[in-house]
Amino acid sequence: IFPQFPLLHAAKKHLLDFNIEVGAQTCSSALKGAYTGDVSVEIISDIGCKYCIIGHSERREFHNETNVFVKKASTLLLSKNIIPIICVGETLEIKNNKDTNQFIKSQIRECVPDNLSSNLVIAYEPLWSIGTGVIPEYEEIISVHNTIMNELSHIENLKVIYGGSVNIENCSKIFKLNSVHGALIGGSSLKFKDFLAIYKSAVKQII
């Protein structure tokens with residue numbers, strides 16, 4: 001689970017006896033320095049975070065998390081043994097121009113740290129799907145996930161997860177796709193019963 005920064009320590013403390021990992025929603029791309037308001041990799045490492053989301057679509061849109069930022073922050077995370085969850089995804093215009101796979105390849109090449117050999121999560125979140133209730137055709141999800149896995153075939157323990165309007169109606173079919181290793185849940189995570197149902201579906205079909 002990925003709470004807001006002020007809740008990270010409490011979440012980690014309360015979940016110590018459970019098989020649930022805690023991660024941060026983002027982090028600074030600088031290890032040290034005067035960056036008021038930013039949260040350093042060292043702090044989330046001290047809290048005990050195993051994961052950190054980097055380049056989420058909302059962070060890219062509203063907080064200027066560019067591909068350069070994503071690569072720098074991910075490199076810092078890996079230096080502290082925190083697994084980055086790097087978000088990639090295309091706009092509706094790119095999709096309609098049938099440039100999705102090429103765009104995703106470019107994002108991957110610009111975002112993934114150099115010489116990385118293991119432990120990475122890529123979250124494919126098509127921007128046009130987030131919060132709209134509309135998801136890609138299942139064949140499209142498979143195609144993009146296969147593109148990502150082929151581009152990063154040299155990385156061991158690579159996981160590719162899907163994010164974008166995952167809900168209790170579509171999660172079962174999404175989890176059945178061979179190239180989907182999990183899901184990044186947004187709006188549905190705010191509804192406890194829905195989130196629990198999605199979790200149970202994931203346990204049943206993925207683990």
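This is a predicted model: local features need pLDDT of at least 70, side-chain atom pairs count only at pLDDT 80 or more; totals for chains, interfaces and linings use all residues.
**View 1. The largest nonpolar core.** This core takes in 47 residues, and those with the most contacts inside it are Ile 44, Val 112, Leu 120, Ile 122, Ile 148 and Leu 152.

**View 2. Around Leu 120.** Which residues does Leu 120 contact once neighbours within four places in sequence are left aside? They are Ile 83, Pro 84, Ile 86, Val 112, Leu 152, Ile 155, Asn 157, Leu 158 and Lys 159. Among these, Val 112 and Leu 152 also turn up with Leu 120 in the list of residues with the most contacts inside the largest core.

View 3. Ile 198, Ser 201 and Ala 202 are its buried residues. Looking down the axis of α9, these fall within an arc of 100°, so they line one face of the helix. That buried set packs against α8 (171-176). Over on the other side of α9, Phe 192, Lys 193, Lys 200 and Lys 204 are exposed.

**View 4. Ile 94 in helix α5.** Ile 94 sits in α5 (residues 92-96). Its relative accessibility is 19%, and buried means under 20%, so Ile 94 counts as buried. Leaving out residues up to four places away in sequence, Ile 94 touches Asp 99, Thr 100 and Phe 103. Trp 128 is 34 residues from Ile 94 in sequence, with 10.0 Å between their C-alpha atoms.

Methods: Residues are numbered from 1 along each chain as its sequence is written. Side-chain values use heavy atoms; hydrogens and water are left out. A nonpolar core is a set of buried Ala, Val, Leu, Ile, Met, Phe, Trp, Tyr and Cys residues joined through side-chain atoms within 4.5 Å. Buried means under 20% relative accessible area, exposed over 50%, partly exposed in between (1.4 Å probe, protein chains only). Contact means heavy atoms within 4.5 Å. Helices (H or I, at least four residues) and strands (E, at least two) are DSSP runs, numbered from the N terminus. The arc is that of the directions from the helix axis to the C-beta atoms.
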